[in-house]
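Please examine the sequence and the structure before reading each solution.

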Amino acid sequence: MGMFDFLTDAGEQIIAQKKAEQEKSIEQLNQEAADAICAHVEQQKLGLEDLEVSFSAAEGLVTLKGRAPDQAACEKAALAAGNIKGVAKVENDLEVEQNGEEARYHEVQKGETLSHIAKEYYGNANEYNKIFEANKPMLSSADKIYPGQKLRIPT
């Protein structure tokens, strides 16, 4: 699937921001963060199988491995992992069982709404629900987007 870049200071706060305790190694801290990211991605109920997540805090890099039922689930998994504060890049190595057309992506800017984004991509602000549906379950409301968040824009 490839590499995605994200803003490290935007997104959900799920990685513990504890100072490295002397008795914990960098590897242990990275594993704890990977476990938290994995749990977050699995909470999206995307139908992923054999999900493995690794994290490198030094690079802000998340790597996803496993199987996704389709292209949309694969893309949503990358966005769920990438839209986390502290994550700069996602290497999406998920195998896709049913290939489909890849979506475009949009990084939300300050002041934007889904209607504004829909107007930009589709020429019609009323098409915002298409973007909202393409980003469920990560979006719980069409009004809950934030600057720096990446969204799937279906073709």
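**Exercise 1. A charge over a ring**

Task: Determine which ring the charged end of Lys 130 sits over, and which residue forms a salt bridge with Lys 130.

Solution. The charged end of Lys 130 lies over the ring of Tyr 122, 4.5 Å from the ring centre; the criterion is NZ of Lys or CZ of Arg within 6 Å of the ring centre and within 35 degrees of the ring normal. The model is predicted: local features require pLDDT of at least 70 and side-chain atom pairs pLDDT 80 or more, whereas totals for chains, interfaces and linings use all residues. Residues are numbered from 1 along each chain as its sequence is written, and side-chain values use heavy atoms, without hydrogens and water.

Next, Lys 130 forms a salt bridge with Glu 127, with the closest N and O atoms 3.8 Å apart. A salt bridge is a side-chain nitrogen of Lys or Arg within 4 Å of a carboxyl oxygen of Asp or Glu. Lys 130 is partly exposed, at 37% relative accessible area; buried means under 20%, exposed over 50%, and partly exposed in between (1.4 Å probe, protein chains only).

**Exercise 2. Salt bridges between elements**

Task: Identify the elements in which Arg 152 and Glu 75 lie, and state whether both residues are buried or exposed.

Solution. The whole structure contains six salt bridges. In one of them, Arg 152 pairs with Glu 75, the closest N and O atoms being 2.8 Å apart. Arg 152 belongs to strand β6 and Glu 75 to helix α2, so the pair ties together parts that are 77 residues apart in sequence. Helices (H or I, at least four residues) and strands (E, at least two) are DSSP runs, numbered from the N terminus. Both Arg 152 and Glu 75 are buried.

**Exercise 3. A buried lysine**

Solution. Lys 76 is located in helix α2 (residues 71–82). Beyond four places in sequence, the contacts of Lys 76 (heavy atoms within 4.5 Å) include Leu 46, Met 138 and Arg 152.

**Exercise 4. The buried side of a helix**

Task: List the buried residues of helix α3 and the elements they pack against.

Solution. In α3 (residues 114–122), Leu 114, Ile 117 and Ala 118 are buried. They cover an arc of only 100° around the axis, which puts them on the same side of α3; the arc is that of the directions from the helix axis to the C-beta atoms. These buried residues pack against β5 (104–107), α4 (128–134) and β6 (150–153). Gly 123, with a positive phi near 80°, follows α3.
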